[in-house]
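This briefing goes through the fold, the helix packing and a few individual residues of the structure shown below. Please keep the sequence and the model in view while reading.

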Amino acid sequence: MSSQEPISEVGKYADRNSEFLSRVLAHGDEEARAYALALLANSGSVEAIDEVQAQLDEIRREVR
């Protein structure tokens, strides 16, 4: 996404809810994880994906 493209509503949601999406990916059932991944894939925001990955890394450390 170039810096001139507007951030979509999906992108805004993903940016604001990265912790929730991370928890869904870590603990949700198959359908819930699919929805979370679809939101991230369509967010157009590398930052949102990076933040979710950071949250997943934190969850992994908590589980260990």
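Helices here are DSSP runs of H or I with at least four residues, and strands are runs of E with at least two, both numbered from the N terminus. On that basis the protein chain of this predicted model holds 4 helices and 0 strands. Read along the sequence, the pattern is α-α-α-α.

**Overall dimensions and surface**

- Taken along the principal axes, the C-alpha atoms of the protein chain fill a box of roughly 40 × 25 × 15 Å.
- The protein chain has 64 residues, of which 27% count as buried.
- The protein chain exposes about 4,600 Å², and carbon and sulfur atoms supply 51% of that area.
- Where contacts in the protein chain link residues at least 6 apart in sequence, 64% of them join residues at least 24 apart.

**Packing of α1 against α2**

- Helix α1 spans residues 9–16 and helix α2 spans residues 18–27, and the two pack at an angle of about 80° with their axes 5 Å apart.
- Since angles of 65 to 115 degrees count as roughly perpendicular, α1 and α2 are therefore roughly perpendicular to each other.
- On the α1 side the contact is made by Tyr13, Ala14, Asp15 and Arg16, and on the α2 side by Ser18, Phe20 and Leu21.
- Sorted by class, the contact of α1 with α2 has 4 nonpolar, 1 polar and 2 charged residues.

**Packing of α2 against α3**

- Helix α3, made of residues 30–41, packs with α2 at an angle of about 140°, and the axes of the two helices lie 8 Å apart.
- Roughly antiparallel applies to angles over 145 degrees, and α2 and α3 are therefore oblique to each other.
- The crossing of α2 and α3 is left-handed.
- From α2, the residues Leu21, Val24 and Leu25 meet Ala32, Arg33, Ala36, Leu37, Leu39 and Leu40 of α3.
- The residues in the contact of α2 with α3 comprise 8 nonpolar, no polar and 1 charged.

**Packing of α2 against α4**

- Helices α2 and α4 pack at an angle of about 50°, with their axes 8 Å apart, and that makes α2 oblique to α4.
- The crossing of α2 and α4 is right-handed.
- The α2 side of this contact consists of Ser18, Glu19, Leu21, Ser22, Arg23, Leu25, Ala26 and His27, while Glu51, Val52, Gln55, Leu56, Ile59 and Glu62 contribute from α4.
- By class, the contact of α2 with α4 has 6 nonpolar, 4 polar and 4 charged residues.
- Leu21 of α2 takes part in the contact with α1, in the contact with α3 and in the contact with α4.

- Gln55 belongs to helix α4, which covers residues 46–63, and Gln55 is buried because its relative accessible area is 19%, with the cut-off for buried set at under 20%.
- When residues up to four places away in sequence are not counted, Gln55 touches Ser18, Glu19 and Ser22.
- Arg23 is found in helix α2 and counts as partly exposed, at 31% relative accessibility.
- Leaving aside neighbours within four places in sequence, Arg23 is in contact with Gly28, Ile59 and Glu62.
- Arg23 and Glu51 are 28 residues apart along the chain, and their C-alpha atoms are separated by 12 Å.
- Asp50 is found in helix α4 and is partly exposed, with a relative accessible area of 48%.
- Between Asp50 and Val10 there are 40 residues of separation in sequence and 16 Å in space, C-alpha to C-alpha.

**The loop between α3 and α4**

- Asn42 is found in the loop between α3 and α4 and counts as exposed, at 54% relative accessibility, the cut-off for exposed being over 50%.
- Not counting residues up to four places away in sequence, Asn42 touches Ser8 and Val10.
- Asn42 and Ser18 are 24 residues apart in sequence, and the distance between them is 14 Å, C-alpha to C-alpha.

Terms used. Residues numbered from 1 in each chain as written. Predicted model: local features only at pLDDT ≥ 70, side-chain atom pairs only at ≥ 80, totals over all residues. Heavy atoms only, no water. Axes fitted to C-alpha atoms, helices over the stretch in contact; angles between N-to-C directions. Parallel < 35°, antiparallel > 145°, perpendicular 65-115°, else oblique. Contact = heavy atoms within 4.5 Å. Nonpolar A, V, L, I, M, F, W, Y, C, P; charged D, E, K, R; others polar. Buried < 20%, exposed > 50% of the residue type's maximum accessible area, 1.4 Å probe, protein only. Areas by Shrake-Rupley, 256 points an atom, 1.4 Å probe, with all protein chains shown as cover. Left-handed = near helix turned anticlockwise from the far one by under 90°.
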